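Hello,

Here is the structure you asked to look at.

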Amino acid sequence: METQEEIEANALELARCEASFIHFLSYCKIVTAPTSDNPGGVINFILWPHILKAIKTLLSKNLIVWLKSRQIGASWLIAAYVLWYALFKHGAVVILFSKGQPEAVELLGKSKRIFNHLPNFLRLKTDKFSDSEVTFPQMESSIQALASTENAGIGYSASIIVCDEWEQHPYAVSNFMQAKPCIDSTGGQFIGVFTRDKRKKDPLATRTFIDAMAGKTGFFALFDPYDVVPGRDEAWYNQKAKELSPDDLEGLTPEL
């Protein structure tokens, strides 16, 4: 049984989390897989400089295209951001697109894992808590995971649309044409996140990023190379290049 003092303290912290995404992140935990040099497990969310820059962009821009290296914390940040939005914005509808349903489910799974490790005062009651959808009836909000199919996104009026690994989406152009009006009608947010695939010629994600860098569109461009994560220096880069197998390369040079 909570004391009156604890109830008041939790109410204050709840209000602080609602007002500040960064404060909310102080309660967020991520789950990392164990490796030969990392025990993994549940760890605090780390606010590296590039993550702080991305947070500022998420909170201030409606159209975002983010070209990034792999494993820099982007997916966990997006997962925490959309969870925060659904927890505190009444009527929020968040749609997570990925190249296939397993990948979309995995991104939503990160939001669910963050939710599971929140303190009780931040854990709103859920109605649905499935692989493909989480709903918060108190806020009448939802987060949905959808594969990038030809007709995905039709009929939704979304607050936030996330296209994760955007360059890999098989129907990226048709999805974007269908999804963009869904946020235009609500003043919502579109976030396209991707890692460049040199085997793909002139994909939508890359074109959008290049045009955004040139100031030709309303998109804001974020770019984060491999060395934004501490410990990833030139020696790390060279070692990773040596570890690539012919199957990884698929005809490309290690540099590409």
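Asp224 is buried, because its relative accessible area is 1%. In this predicted model, Asp224 takes part in a salt bridge with Lys53, and the closest N and O atoms are 3.2 Å apart. Lys53 belongs to helix α3 (residues 49–58) and Asp224 to strand β9 (residues 220–224), so the contact ties together parts that lie 171 residues apart in sequence.

Two others are described here.

Arg70 and Glu165 meet through their side chains in a salt bridge, at 3.7 Å from N to O. This pair also links distant parts of the chain, 95 residues apart. Arg70 sits in the loop between β3 (63–68) and α4 (74–88), and Glu165 in the loop between β7 (160–164) and α6 (172–184). As for accessibility, Arg70 is partly exposed at 47%, while Glu165 is buried at 18%.

Lys128 and Glu133 form another salt bridge, with the closest N and O atoms 3.5 Å apart. Lys128 has a relative accessibility of 42% and so counts as partly exposed. Glu133, at 18%, counts as buried, because the limit for that class is under 20%.

Next, the cysteines. How many disulfides does the structure hold? The number is zero. Cys17 is in no disulfide, and the nearest cysteine sulfur, that of Cys28, is 8.1 Å away.

Last, the surface charge. Glu2, Glu5, Glu6 and Glu8 gather in a patch of negative charge on the surface. Of these, Glu2 is placed in the segment before α1 (4–19). Glu2 counts as partly exposed, because its relative accessibility is 44%, and that class runs between 20% and 50%.

Regards

How values were computed. Residues numbered from 1 in each chain as written. Predicted model: local features only at pLDDT ≥ 70, side-chain atom pairs only at ≥ 80, totals over all residues. Heavy atoms only, no water. Patch = residues over 30% accessible without salt bridge, like charges linked within 9 Å, V, L, I, M, F, W, Y side chains within 5 Å. Areas by Shrake-Rupley, 256 points an atom, 1.4 Å probe, with all protein chains shown as cover. Salt bridge = Lys/Arg side-chain N within 4 Å of Asp/Glu carboxyl O. Lys, Arg positive; Asp, Glu negative; His and termini not counted. Charge placed at Lys NZ, Arg CZ, Asp CG, Glu CD. Helix = DSSP H or I, 4+ residues; strand = E, 2+ residues; numbered from the N terminus. Buried < 20%, exposed > 50% of the residue type's maximum accessible area, 1.4 Å probe, protein only. Disulfide = S-S within 2.5 Å.
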